[in-house]
Amino acid sequence: MENKTAVIIQARLTSSRFPNKILEKIGNYTLIDYLINRIKSCTEVDKIILAVPDNKKNKIISKKIKNNNLIFYGNENDVLDRFYKAAKKYRVNIIVRICGDCPFVDPVL
């Protein structure tokens, strides 16, 4: 199998401390849009996937981000399972995990 690298972003709207944080705007863009755009400039990434808990509240994410083809809905209570199944679905074998509320991640790193 050829190596295929994906950045899998853990994203959800159901935080108890700051609900909907990833959809908050800085200027004209949401935090998740900033993060996705920064990752797109990384030359070593083949795929960007949002790993989102599968529940009614989080379905809003697909309406709010610019490219909802990036979204994988998985187990709400098991993050590892969600990541594993997202990687399996998109046939990636190298995973970089990033939290969805970290919009200023350095794409070079």
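How many helices and strands does the protein chain have? The protein chain has three helices and six strands.

## Basis of the model

This is a predicted model, in which local features need pLDDT of at least 70 and side-chain atom pairs count only at pLDDT 80 or more, while totals for chains, interfaces and linings use all residues. Residues are numbered from 1 along each chain as its sequence is written, and side-chain values use heavy atoms, with hydrogens and water left out.

## Overall fold

Helices (H or I, at least four residues) and strands (E, at least two) are DSSP runs, numbered from the N terminus. In sequence order the pattern is β-β-β-α-β-α-β-α-β. The radius of gyration is 13 Å, close to the 13 Å from the globule rule for 109 residues, so the protein chain is as compact as a globular protein of that length. That radius is taken over C-alpha atoms, and the rule is 2.2 Å times the number of residues to the power 0.38. The C-alpha trace spans about 40 × 30 × 20 Å along its principal axes.

Buried residues account for 39% of the 109. Buried means under 20% relative accessible area, exposed over 50%, and partly exposed in between (1.4 Å probe, protein chains only). Contact means heavy atoms within 4.5 Å. Of the contacts between residues at least 6 apart in sequence, 62% join residues at least 24 apart.

## Helix α3 and its ends

Asp78 sits in the loop between β5 (71-74) and α3 (79-89). Asp78 is partly exposed, at 34% relative accessibility. At the start of α3, one of its side-chain oxygens comes within 3.3 Å of the backbone nitrogen of Leu80. Arg91 follows α3 and has a positive phi, near 55°.

Which residues of α3 are buried? They are Asp81, Arg82, Phe83, Ala86 and Ala87. These residues pack against β1 (5-10), β4 (47-53), β5 and β6 (94-99).

## Gln10 in strand β1

Gln10 belongs to strand β1. Is Gln10 buried or exposed? Gln10 is buried, with a relative accessible area of 18%. Its side chain makes a polar contact with the side chain of Arg97 (2.3 Å). A polar contact is a pair of N or O atoms within 3.5 Å; within protein, one must be able to donate a hydrogen and the other to accept it, and residues adjacent in sequence count only if both atoms are side-chain atoms.

Beyond neighbours within four places in sequence, Gln10 touches several residues, including Ala51, Val79, Arg82, Phe83 and Ile98.
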